[in-house]
Amino acid sequence: MRSLFIYHTFNLQGDAIVSFCGACDVSLNNMVDQEDVKLKAPIYSRSMLHFLGEFFDDDLEKTILRQRLLMASILECLRKEASSVPWMRAGDDIYVGKLKVSVSIATKSPVSTLIHAGINIETKDTPVPTFGLEQANVDPKVLSGEVLFRFKEEMEGIGLARCKVRGVP
């Protein structure tokens, strides 16, 4: 995770969220989540659906709320795509039973706040017991489009909700 990655990689300037598929290998030296560092729990997946968001404010709490909204949006889309799977969310992670489906973190850079969420596509060689999109027959590209659309709608709805109320004394 680094500031301006979305701008440099996707040529999107300003607040943005993007997704792509790829591996994930985060060593303890590069870990943002210090709880995982204390637990000596590196992150590895041969194939994940990644969501990266960058927001140009310095309010980490607001970005953690955005992160939770993103994870809730992912959960809703997973339930739509594979309703027979018992998906559940606990904070900023998604599980199937005790099997971890996702990783997620929000942090702050000198110029912005950042979110990363990764959804396992396959589970071979992950360092913890996991469940992946392949096991649920969920197409990561379809899921990605649905999640990005839902998150965009939520963020736009929040913006509009701010503009339709009057102040109270």
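# A walk from helix H4

At the start of helix H4, a side-chain oxygen of Asp139 comes to within 2.8 Å of the backbone nitrogen of Lys141. The model is predicted. From this contact, we can follow the helix itself.

H4 covers residues 140–162, which is 23 residues. From its first C-alpha to its last it reaches 33 Å. That is close to the 33 Å expected at 1.5 Å a residue.

Which residues of H4 are buried? They are Pro140, Leu143, Ser144, Glu146, Val147 and Phe151. Look at the spacing of Leu143, Val147 and Phe151 in that list. An α-helix has 3.6 residues a turn, so residues three or four places apart point the same way. The buried residues of H4 pack against three elements: strand S1 (16–26), strand S2 (43–55) and helix H3 (60–81).

Take helix H3 next. H3 and H4 pack at an angle of about 135°, and their axes are 9 Å apart. The crossing of H3 past H4 is right-handed.

On the H3 side, the residues include Arg66, Leu69, Leu70, Ser73, Ile74 and Cys77. On the H4 side, they include Leu143, Glu146, Val147, Arg150, Phe151 and Ile158. Among these, Leu143, Glu146, Val147 and Phe151 are also buried residues of H4.

Now turn to strand S2, one of the elements that H4 packs against. His50 sits in this strand. Is His50 buried or exposed? It is buried, because its relative accessible area is 4% and buried means under 20%. The side chain of His50 reaches the backbone oxygen of Gly22 at 3.1 Å.

Strand S7 (113–120) is the next stop. Leu114 lies in S7. Leu114 counts as buried because its relative accessibility is 6%. Among the residues that Leu114 touches are Met1, Arg2, Ser3, Gly53, Glu54 and Thr63. Ile105, Ala106 and Thr107 are also among them. Compare Leu114 with Met48: they are 66 residues apart in sequence, and their C-alpha atoms are 18 Å apart in space.

Step back along the chain to Val111. Val111 is in the loop between strand S6 (102–108) and strand S7. Val111 is partly exposed, with a relative accessible area of 45%. Not counting residues up to four places away in sequence, Val111 touches Ser3 and Phe56.

Most residues other than glycine have a negative phi, and most peptide bonds are trans. Asn11 has a positive phi, near 60°, and is not a glycine. Asn11 is in the loop between helix H1 (5–10) and S1. Asn11 is exposed, with a relative accessible area of 62%. Asp125 is not a glycine either, and its phi is positive at about 70°. Asp125 lies in the loop between S7 and H4. That loop leads back to the helix where we began.

Notes: Residues are numbered from 1 along each chain as its sequence is written. This is a predicted model: local features need pLDDT of at least 70, side-chain atom pairs count only at pLDDT 80 or more; totals for chains, interfaces and linings use all residues. Side-chain values use heavy atoms; hydrogens and water are left out. Helices (H or I, at least four residues) and strands (E, at least two) are DSSP runs, numbered from the N terminus. The expected span of a helix is 1.5 Å times one less than its number of residues. Buried means under 20% relative accessible area, exposed over 50%, partly exposed in between (1.4 Å probe, protein chains only). Contact means heavy atoms within 4.5 Å. A polar contact is a pair of N or O atoms within 3.5 Å; within protein, one must be able to donate a hydrogen and the other to accept it, and residues adjacent in sequence count only if both atoms are side-chain atoms. Axes are lines fitted to C-alpha atoms, for helices over the stretch in contact, and angles run from 0 to 180 degrees between N-to-C directions. A crossing is left-handed if the near helix is turned anticlockwise from the far one by less than a right angle, and right-handed if clockwise.
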